[in-house]
Amino acid sequence: MIRTIRPDALNRTGFSKIDFVGSHILSVSQFDRHAIDQVFAAADSMVPFANRQRVTRVLEGAILGNMFFEPSTRTRVSFGCAWNLLGGEVRETAEIKTSAITKGESFYDTARVLSGYSDVIVMRHKIEGSVEEFASASRVPVINGGDGSNEHPSQALLDLFTIRKEVGDRGKSVDNLRIALIGDLRYGRAVHSLCRLLTLYNNVHFSLISPPELSLGDEYIEEMRAGGHEVVESTDLHGSISHADILYVTRTQEERFPTQEEAERYKGLFRLNQSIYTEYCEPNTVIMHPLPRDSRGNANELDNDLNENPNLAIFRQTDNGVLIRMALFALILDVADKIEDTARNVSWYTAKRF
Ligand code: NCD
């Protein structure tokens, strides 16, 4: 069921346009391919605004509550920028220490309070299911910015948007995609949401490369196989990346481990660098990572010597994050068709970013 704060939209099936309006975005399970296409079409229309050719005031007066109770750089800032680019104002908490949650306040009370101050709330918290609990008490739509190791829907949408564009530029499609997911597949919420989204396409080949202790949960693998996709698990990086269209590298999610010592055991086990890429990958294999990459010497899962490789798509992913987040806001607040009404060309010098 699509969770929404609009009682008249409850119990709808599918995800037609009206279902976005006033809806929480908590899980990728809410999406079908039609809904994804709507997000991507809206994201495409945001390009002139994200690259500072045009400005719009469509959300003038609206307030985003950007509530991050767990560390974040790009998700927090890009949600904030996306809202600003639509003309709205952002209020944010960037540290749990500065929030009354540390005084014992419940998610219920926090949500009731914050939803009185905002038009939309984005929330991140380390507990799985916390954002859903928060959303059930919120009076305004809530977007899940990551709940523990569970889900990260906006990241998966921007990853899928990037995959579609990258493989499209190479004459391929998301159907029949060959993707290798590498690293901490157990705790990585970006991986969980992306795998779920990809099951909506046809005939995806998943290579899952991880230490056995950090393998992807059975519930995800069962969902992927039930959708008719091939799933192969392996501990052999070199042997498993040779036929992939996409390499999706991840960081050991050290903050999810019972002890730091245990997390340290898994760092540096799977490393991708230019020489491994040259030797084992097909030319033009796309390299992705949700970021942050752990560039410390004992980890370094994605080496800096790949920085000049044109197939490294990690900063195209982060740029696409702004487009996707603008699209989600526009659809939830029903302004996707009104962006141009208040739009004008920018009058300042704009560096070329794209
Ligand atoms: C990811 C996350 O927070 O789950 N980062 C992000 O939002 N881009 C991945 C990670 O932290 O490793």
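**Exercise 1.** Which residues surround the ligand?

*Solution.* Before we start: this is a predicted model, where local features need pLDDT of at least 70, side-chain atom pairs count only at pLDDT 80 or more, and totals for chains, interfaces and linings use all residues. Residues are numbered from 1 along each chain as its sequence is written, and side-chain values use heavy atoms, leaving out hydrogens and water.

Step 1: Around the ligand you'll find Arg 74, Thr 75, Arg 124, His 152, Gln 155, Arg 189, Arg 251, Gln 253, Pro 290, Leu 291 and Pro 292.

Step 2: check for polar contacts (N or O atoms paired within 3.5 Å). Arg 189 puts a polar side-chain atom 2.7 Å from a ligand oxygen, while for Thr 75 and for Gln 253 the distance is 2.8 Å.

Step 3: On its own it has 310 Å² of accessible area (Shrake-Rupley method, 1.4 Å probe), and the protein covers 94% of that.

**Exercise 2.** Find out how Trp 83 and Phe 329 are arranged.

*Solution.* Step 1: search for aromatic pairs, meaning Phe, Tyr or Trp rings (for Trp, the six-membered one) with centres within 6.5 Å. The whole structure has six.

Step 1: Trp 83 and Phe 329 sit 4.8 Å apart, centre to centre, with 90° between the planes. That's edge-to-face (over 60 degrees).

Step 2: Trp 83 is in helix H4 and Phe 329 in helix H13, so the pair ties together parts 246 residues apart in sequence. Both are buried (under 20% relative accessible area, 1.4 Å probe, protein chains only).

Step 3: Phe 79 joins Trp 83 and Phe 329 in a cluster linked by ring pairs.

Terms used. Rings of Phe, Tyr and Trp (its six-membered ring) pair if their centres lie within 6.5 Å; planes under 30 degrees apart count as stacked, over 60 as edge-to-face and the rest as tilted. Helices (H or I, at least four residues) and strands (E, at least two) are DSSP runs, numbered from the N terminus. Buried means under 20% relative accessible area, exposed over 50%, partly exposed in between (1.4 Å probe, protein chains only). A residue is near a molecule or strand if one of its heavy atoms lies within 4 Å of it. A polar contact is a pair of N or O atoms within 3.5 Å; within protein, one must be able to donate a hydrogen and the other to accept it, and residues adjacent in sequence count only if both atoms are side-chain atoms.
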